[in-house]
Amino acid sequence: MAIDKVMADTNVYQKLLEGNMNRIERLVEDGKLVVFGCKIIRDELRNIPTDYTFDGKSLRNLLITTYDRLVGERSFPVGSEMEALAEEYYNEYRGNISKKDILSDFKIVATATIHRLDIIVSEDERTLKSRHALVAYQKVNTRKMYTTPRFLKLSKI
């Protein structure tokens, strides 16, 4: 039985709150899935305003708790190697999203790539999983002999 090593993008954690958590936790408990995180994702969750709520509770706190529950200690720092790979993705990228708006996504993909994760779960079709971004990842990773993770929506896990 293969175990999928997965990184869930920031946008996935709210989807988990909305009803997918039990299914994902079952996959983790059954040893079919290991969820990893990185500093960028946790920081993005921490940047959610404290006055946003979900079911009357702080959305920010709920999302951070969900992240911590799934990821635990399996969170990667984003060091110079990931920063450099993200820059290479950006240099290859031919889309129309500004560097400021897409570089964090590229760092997430670079982190997952360098740590040889199998899947990146994301609902983000506009930036992280855009056609132009996917082409950039593939070109750079092929050149550097890295395996590009698969990109799936949460519903496909």
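Hi everyone. Let me start with what an angle between helices means here: an axis is a line fitted to C-alpha atoms, over the stretch in contact for a helix, and the angle between two N-to-C directions runs from 0 to 180 degrees. Please keep in mind that the model we are looking at is predicted.

Now find helix H2, residues 39–46, and helix H5, residues 99–114. They pack at an angle of about 140 degrees, and their axes lie 9 Å apart. On the H2 side, the contact is made by Ile40, Ile41 and Glu44, which meet Ser104, Lys107 and Ile108 of H5. Sorted by class, the residues of this contact are three nonpolar, one polar and two charged.

Next, let's look for empty space inside. Rolling a probe the size of a water molecule over the atoms shows where such space is left. Across the whole structure, the search turns up one cavity of 30 Å³ or more, and the largest cavity has a volume of about 70 Å³. Its lining includes Val6, Leu16, Leu33 and Ile157. Strand S1 (4–8), helix H1 (12–29) and strand S2 (33–38) each give two or more residues to that lining. Which element gives the most? That is H1, with three residues. And what kinds of residues line the cavity? Eleven are nonpolar, with no polar and no charged ones.

Last stop: charges. Side chains of opposite charge can pair when their charged atoms come close. The whole structure holds twelve salt bridges. One of them joins glutamate 25 to arginine 69, at 2.5 Å from N to O. This pair links distant parts of the chain, with glutamate 25 in helix H1 and arginine 69 in helix H3 (residues 59–71), 44 residues apart.

Technical notes
Residues are numbered from 1 along each chain as its sequence is written. This is a predicted model: local features need pLDDT of at least 70, side-chain atom pairs count only at pLDDT 80 or more; totals for chains, interfaces and linings use all residues. Side-chain values use heavy atoms; hydrogens and water are left out. Helices (H or I, at least four residues) and strands (E, at least two) are DSSP runs, numbered from the N terminus. Contact means heavy atoms within 4.5 Å. Ala, Val, Leu, Ile, Met, Phe, Trp, Tyr, Cys and Pro count as nonpolar, Asp, Glu, Lys and Arg as charged, and the others, Gly among them, as polar. On a 1 Å grid over the protein atoms alone, a cavity is a set of points where a 1.4 Å probe fits but cannot get out, and a pocket is an open set with protein on both sides within 12 Å along at least five of seven lines; lining residues have an atom within 4 Å of a point. Grid points are joined across faces, edges and corners, and a volume is the space filled by probe spheres set on the points. A salt bridge is a side-chain nitrogen of Lys or Arg within 4 Å of a carboxyl oxygen of Asp or Glu.
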